[in-house]
Structure formats: C-alpha cells, structure tokens
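Here is a short briefing to read alongside the model. Have the viewer open and follow the topics in order.

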Amino acid sequence: MKAARIGRLRWYAIAVLTTASPAYAQSIDRVEVEKIVREYIMQNPEIIEEALTELEKRNQAAQAEARSQAIVAETDALLRASDDVILGNPDGDATLVEFFDFNCGYCKRAAPDVKALVAEDPKLRIVLKDFPILGPGSVEAAKVALSVKRVAGDAVARDFHVRLMEMQGQINASRALDLTEEMGLDRKKLSEEMATPAVEAIIAANLALAQRLGLTGTPSFVVGDQIIEGAVGKEPLADAIEAVRPK
C-alpha cells in the first residue's frame, strides 16, 4: 500500500513538472524528469512521509465531509422514524442516535454510559436503531425488540431494551422471547408479529441507512453532523451532545 502511494506521488511530481511549464517540458524527456524526481526524493526522503501524512489527512477530511452531508440528507430517517425506541426526553433539545446490536459486547459496555447520560441529562433524547450485524441471533433479537414496541408500546419497549442489553451471553429469539414472558407479555402474539413484512422492512431500512452513512460496526453514535464509533465512554458522548445544543 505504501509503495503504491509512493508511486502515485512520483507520477504526480512528474505530471507537475511536465505541465507547469510547457516550454521546459519540451526541453527534457520523461527519463530525465524521473531522474530529477528520484534524486530529489533520495536527497529529501522526509518528504515522502510528509506527503503521505498530508494525503491521509485529506482523505480523512473528505470522508468526514461526506459523512456530514449524508447525515444531513438522512435527518428524517435518523431522528423521526416511528418504529425506533426513544430513551430520555422525547422532546429533548439534543438527540443522540445509537446503532446497536444486542449481541455486541461493546454495545453492552456502552449501555451504562447511555443509561447515565439519560439519568443526568433531563433534556437529552436518545434514538435507538436496531443494527443487527452479528449473525442470525442478532436479527432474531432485533425482531423481538421491534415486535415488543409494535405490540406493547413505548414504555414496555424501553424496559425490554434495557433488560435485554443487560443480559449476558449470546441472545437469540428464544432467549429474547423468554424475557418477554418474564415481563408478562404474550409470547405467541410477539412471535407472530416477528414474522410480519413490516418488521423485516424496519430492519432492512436500518441496514440500508447504516450503509449510506458508512457505518461498519456497533455501537455507532450519531450526534449533530458527526459519527462517533465504538464504546468511547460517557464523557466524549456528553461533550458531543453539549456541542450541538442550542446556544
């Protein structure tokens, strides 16, 4: 990879030399240009590292800008999808969106931070997006969670989410439905709801949204126009939330 980048830099330097001054370009051939470029790089090898560093910075900046534009374009899907579970204040002045998987160990590690943010910030709204990417069990668990909201409503869905996220070990439909029974819900009715096209469509829409945003793992948080990936801890999330609040 590094060799390929150096090669691109070399040809870029040649292109600059041969296009910057047409008169000069006519007076030398490509072999001479390559020799000049090679000698200069050999005498100043640090420019390779500097150029690669600058290239990486520009790539990261371009990626961040593309993500910001994607977030703006997907505002409704991120903030106002009716099937999402909402934690905290539904009318809060700042929103944090979390893409999660019930079988994600890092999501479980981040769960206490999310819970603490809700407890400490009465004006915070958190949108939970089922993003089941860790196998069939994750898809099953997401279907159960979505069915709980559709059958039993928001309050029960919030409680179910918190309790299922606290559950250790691999989670699948059976374990998730066992929890619904413990909560006094109708297992048969939920099982039927899980199989509906509507539930399938919600998961498909979330997966497609995550792809458009360039998300590749869980947890992934969206706040304002930025994406925060991983279980980064409470403070970075709190700082990002504070930064987007109306002044």
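A residue is called buried when its relative accessible area is under 20%, exposed when over 50%, and partly exposed in between, using a 1.4 Å probe and protein chains only. By that rule, 38% of the 247 residues of the protein chain count as buried. Please keep in mind that this is a predicted model, in which local features need pLDDT of at least 70, side-chain atom pairs count only at pLDDT 80 or more, and totals for chains, interfaces and linings use all residues. Residues are numbered from 1 along each chain as its sequence is written, and side-chain values use heavy atoms, with hydrogens and water left out.

**The whole chain**
- The protein chain has 12 helices and 5 strands, taken as DSSP runs (H or I, at least four residues, for helices; E, at least two, for strands) and numbered from the N terminus.

**Helix α7**
- The 17 residues of α7 (residues 136–152) should span 24 Å at 1.5 Å a residue, and the end C-alpha atoms are 24 Å apart, which agrees; the expected span is 1.5 Å times one less than the number of residues.
- Among the buried residues of α7 are G137, A141, L146 and K149.
- Their cover includes β1 (85–88), β3 (124–130) and α11 (197–213).
- After α7 comes G153, with a positive phi near 100 degrees.

**Cysteines**
- C104 counts as buried because its relative accessibility is 3%.
- C107 is also buried, at 1% relative accessibility.
- The whole structure has 0 disulfides (cysteine sulfur atoms paired within 2.5 Å).

Note on methods
Contact means heavy atoms within 4.5 Å.
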